[in-house]
Each structure stands twice: as structure tokens, then as C-alpha cells.
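Welcome, and please open the model in your viewer. We will go from stop to stop, selecting one part at a time.

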Amino acid sequence: MNPSVDVSHLSIRFGSFTAVDDISFSVYPGEIFGFLGANGAGKTTTIRMLLGLLKPSSGEATVAGLAFEDGAAGAGRAIKNKVGYMSQRFTLYNDLTVSENLAFAAGLRKMSKDALERRTRELFEFIGFTHPASTLVKDLPGGLKQELALAAALLHEPEIVFLDEPTAGVAPAARARFWALIRKLAGSGKTVFVTTHYMDEAEHCGRIALMRAGRIIALDTPENLKAKAFPEPLVELEEADEALLGRLKAEPAVLDMRPHGMRWHLALKDEQSWRELEKRLPPGAARRIAPSLEDVFVRLVEGADR
Amino acid sequence: MRRALSVARKEVRHVLRDPFTLALALGLPVLLVTFFGFAIDFDVGNIRLSVYDRDRTPASRRLAEVFSASGYFNVQPGVHPEAPSKDLDAEEASAVLIIEPRFYEKAKSGAEAKAQLLLDGADNTSAGTVLGYLSGIQNAAQKRLAPALLSGGNKTGFISLKTRFLFNPELNTQWFTVPGLAVIVVGLLSIMLTALTVAREWENGSMELLLSTPVEPAEIVLGKLSPYVALSLSALLIVYLVARLIFRMPFAGSHLLFFGSSLLFLVACLAQGLLISVAVRQQQIAMQLSIVTSLLPSMLLSGFIFPVESMPAFFQYFTMILPPRWFLAVSRGVFLKGMGAVELAGPLAVLLLMDIVLITAATKRFKRDLET
């Protein structure tokens, strides 16, 4: 299967600052590919290069089998016809109505009136939109706005959609709804390239690239990432007093311990040491957990820093 | 083209949903032109004139009467007979008229009869204006004094200075200022209208979304420009009506020529604003830059207040890059003189060239931004 997005040794420098540093990856049709990283890690910059909005300093990228370098404007336009983009900073014009926003997007894509009507019907059904199309966008709740922005990005039936932090600032329930749409989209064969800094959202991705300071420090499925980052058992400790913490810190079996909200996460040497520790602690004080992506991220980032 | 149309349609909707912009675009020019049309009055009136009549004949009295009858002067007897210029120093008068002894006698015999007018040059604007009035006064004086002199040997009349003001015989400043004001105000408005449009889209991030579609920079530029051409042209039309109805201005030329050349001028201003917007990408800087590049130059260097011909050579050339300088010539020419397309071919060609250059520059600049 040919990759939808194929990136090799892509870098971009702004003056002396390297925003994206020698990254390589491939994304395949029907995949939900997640870009995970803090603000400024280079996620948006990478997307902008893939959309042809920024010229890479070095490396190659093909999108939908086409490279921006080939035949200059012609290839650029062909790529732009095959991708949909939902930007992090801007979704829809607030002072226009829903249908005006969609008509504008359709006009830029030179869609016929019939095609626009058909796609609007399909997409309203897809996102479950029931408000009148003559509603001003500013009168819609945030979650709905994001869903409509997704619909606008999908209007011209792109093969690949780039979603840049699509759920930033959206209520949790609306976020869950949005991710259900993303899964539905990938299920229909579209390639979804999504960035986020919500760790729980990243769990929905087929594969995740962890970005830090312009580099990809890990790339795998969420399960593999967890297994690789935490070969040893991970234990969650309910509230602990200073004395207990001090004692645990001194234990040779405790490789690593760090606060996690009100609780503590401990990485232990092996299964044997967990069984021993469990016996010594009050019942229910600690429990074996599967690492979250956040644990993975923290550990990988620290590993990269070391 | 369809994409440019989509951009244009979207832009129209933005404007229609924003009553403030609409009111600003259509209301402000009228307000400013009316307000300043009345305020900027180069006419100087109520000039205190001290008269020292050292002849004291009917003829000398008539000469003094001509001044008071002109309506510009308040005639008063001189205060310092020993040194008349002291009236000016003490600010007891702004002008002093001294009629020499034997004025009547000399005039009658055809010799040089002298009357001296002293003006306060500290305020050179009013001094200049008064000088302008003098020719009119001299004409009046000639008429008034003629019967008295007819009996004498003076055949030619004794007033030699002959200045005629063409096209605005009453030297009505409003007729002169209003077409200029219309140019300045609508031009400034046009630059500001477009200066924000592209910068706003860069600022709120929508430009990025726009550019991820196959839309071309030229299509964005054209789509952004056209609705504002219509808007600023309507603003100019309203100002035109104000000029005709409120200021009762005559209109000597062709309306087609006037509005056709307005179109060229407005496109140049809008394209200038667009170029600023494309180049700086920030609304606040774009706004400041558009004011700096339009307000003072168009007020001071376009010929609106100071004639271009009397500027230093460098500035005469410099003003050539200012669209208002060219359109001001067209506006006054068509309004007051009824000039035709042939006579105005020069300024019109320059404006057309400016349109092409500015639109191309905005598009090019847009393209270059994308490639970096």
C-alpha cells in the first residue's frame, strides 16, 4: 500500500533555530496518525510544510503520492485538492452563517452548487448537525463549531485530513464526540493526521509520533510505546506521608518515582519486587497499573534530555 | 475567477454584517467633507485697515471706500500719523493704507498717483490672500474713480496690475477645497478599508486555511479589492452629492469622466492599502502605516493646500508617486474647468499605471511570502 504521507529527513530552520529537525515517517490510508507534543515542539510547523505553506529547508515529503517540488504550482494545487485542513487557530468565520461558511469553502474549491448541496446534506448527517444552516457561527457552542469546521475541511472529499489540535478548548463530552467522528472518518478509508497535546486523546490514534524540540523521539502504536517505555511494572500509590515516601525512595527495587496529581507513580524493578512491596504496604494503598501515555511521554522526554 | 468571486462575496458579507465599517465608509467621508468644507476657509475677512488719507479729496475718499466696500476690510482712521507702520507693530491693524498728498491731482493729470498698502507679513497666509484681493479691489477702484478722473487727461486708467482669477471668479474657497477634500478623505478611507482586510486574516489564522486550498494569491487580491471598490465609489458618490447639494458647487465637466477617473484613483488607494496589509500582516501596524503613507502626504503634498508648482524641485518629483496628486488635478479640472479626457490624459495614464503596479506588487508580495 502506498503511503498517504511520506516524509524523509525533513527539516526546517528559521535563522539559527531548527523548528523541525530531520524527521521521517509514513502514514497509510485509513490510519489515524497522531502527532503528540508540547506547544512549540514542531507539530504545526510540520503540518504547514505538508500543506505547502512552508518550504522545508531540507528533506523530502510526498503527500497523496505527490511532492510539492514536482512541477511547482501544478503539484501544489493537486496536493491541495486532495487534502483537507483544520487549523488550530481558526475554524470558521464567526460573522457568517453556517451555510455561508460552507459556500465559501466550496467556492474556493470550485465545487458546483449541486455538489455543495449534496455534501452539506451528507456532512450534516455525518456530524449530526440539526441547527438551521442559517445560524451565525458565533451563536454555536464551541464543540459544534469544531465539528462544523471538520465538515468544512471534508467538503471536497479529501483523501487526507490534517487536524491541528482540533479539540483545543473544547468541553470533554464534545471532545469524545469529535473523536468518534475521527474514528468514523478513518473507518471510511480517509487518512487522518491529527496533532494534540491531550494524552488521553492520543490513545485513540493508530500510531503516535512523539515530538520534542523538533525531533520525533518515539513513533509506534500506543501499546508498543507503553511496553517499550515501561518494560517493568508500574504501581500507583494512593496518598503517602513523608515517612513512607522516604522509605520507598530508599528501596533498591524502586527504580523511579514521581508525583502524579495527588498520587505517586512508581516504576519497579520486576514483578517479584511488586509482589514483595504489596505485602509490606497497607492493603489498597498501592495498585498495579498500566502506564498511561503521559507516563510514557514523561519518561521518554526525560530519557531524551538525559 | 470563481474563487476570486467567492472571496469577494465573503468580503461583502463581512462588511454587511459589520454596520460599523459600513457606517464608517459611507458616513465618515460626508461628515468630514461637510465639516472641513465649512471649516477650511482660505477667505480672509474682517481685516482691520488703518487709513491715512493725506490727500483728503473726493477721489482719495473713494479709494478708501472701495476697500471698505469690498467686505474684507474694517476701515478705521490711523492711530499713529507720525509713523503709520506702528499700527501694525502694535497690532492695532493688520493692514495700513496710506494715500499720499496730491493723489487726486496727480491722477487727474496722468502722473503717477501713489497709494501704499502695508500688510502684516507675520501671517503670510492672510497677507497672501489680501494680495489676491487687491486686484479685485483695484478693478473696483478703477470703476469708482473713473468718473472723477474722466475730466482729466488720464486716458489709460491708473491701475496697472492686472490679475484675473479664472474658473472660480469669486475665489470661493469652498469650491476649491471641497473637490480636494473629497479626494483626500475618500482616498484615506480606501487605504484604511483594505489595509485591515488581509492583515486581519493573517492575524486570526484564516489566511493559513485559505492558502491550504488551491486559491491563488491573485484571486485573493482581486476578491479582496472588488467589494471595496464598490464601497469607496459609493462613498465618493455621496460626497459628490454633498458637494453639489450642500456646497452648491457647479459641475462643469463630464460625469462619466469624473467617476471613471475616480475608479482609477480609488483602485490605486485600495491597492496601496492591500499592499500594506499583505506586507505587514498585522492590523495595528497596517493601520499606522496606512495613515502615515496617506494622510500627511495627501494633505500637504498633493497640492490640496500648497500648490505642487511652488514646492522645491525634489518635492515636485516626489509628489508624482502620490495618487491624490494626480486625481486632485483631475477632480478640480473636471469639476470647475470642465476639462475633458484628452486634456487629462496625463494624470489618467499615471493613475492607471499606478493601479497596475500596486496590484501586481501586492500579488507578487503575497506569492513571495508563501515561498519562504
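A residue counts as buried if 20 or more other C-beta atoms lie within 10 Å of its own, exposed if 12 or fewer, and partly exposed in between, with C-beta atoms placed from the backbone. Helices (H or I, at least four residues) and strands (E, at least two) are DSSP runs, numbered from the N terminus. This is a predicted model: local features need pLDDT of at least 70, side-chain atom pairs count only at pLDDT 80 or more, and totals for chains, interfaces and linings use all residues. Residues are numbered from 1 along each chain as its sequence is written, and chains are lettered from A and ligands numbered from 1 in the order in which they are written.

**Stop 1: a covered helix**

Select residues 43-50 of chain A, which form helix α1. How many of its eight residues are buried? Eight are, including A:Lys43, A:Arg48 and A:Leu50. Now step just past the end of α1(A) to A:Gly52, where phi is positive, at about 80°.

**Stop 2**

Next, show the strands of chain A in the order β6-β7-β8-β3-β9-β10: they make an open sheet of six with mixed pairing. Two strands pair if DSSP finds at least two bridges between them. At the edges, pairing on one side only, are β6 (83-86) and β10 (215-220) of chain A. From one strand to the next, the twist averages 15°.

Zoom in on β3 (residues 32-36) and β9 (residues 207-212) of chain A, which run parallel and are joined by four bridges. Pick A:Gly34 and you will find its bridge partner, A:Ile208, in β9(A).

Bring α6 (residues 172-187) of chain A into view: this helix packs on the sheet, touching β3, β7 and β8 of chain A, and its direction makes about 150° with that of β8(A). Angles run from 0 to 180 degrees between N-to-C directions, and axes are lines fitted to C-alpha atoms, for helices over the stretch in contact. Contact is counted if C-beta atoms, placed from the backbone, lie within 7 Å. Return to α1(A), and you will see that it lies across β3, β7 (160-164), β8 (191-196) and β9 of chain A, at about 150° to β7(A).

**Stop 3: where the chains meet**

Show both chains: the contact takes 19 residues from chain A and 22 residues from chain B. On the chain A side, α3(A) gives the largest share, four residues.

**Stop 4: chain B**

Finally, select chain B, with its 14 helices and four strands. Of its 372 residues, 41% count as buried.

Technical notes
Contact = placed C-beta atoms within 7 Å.
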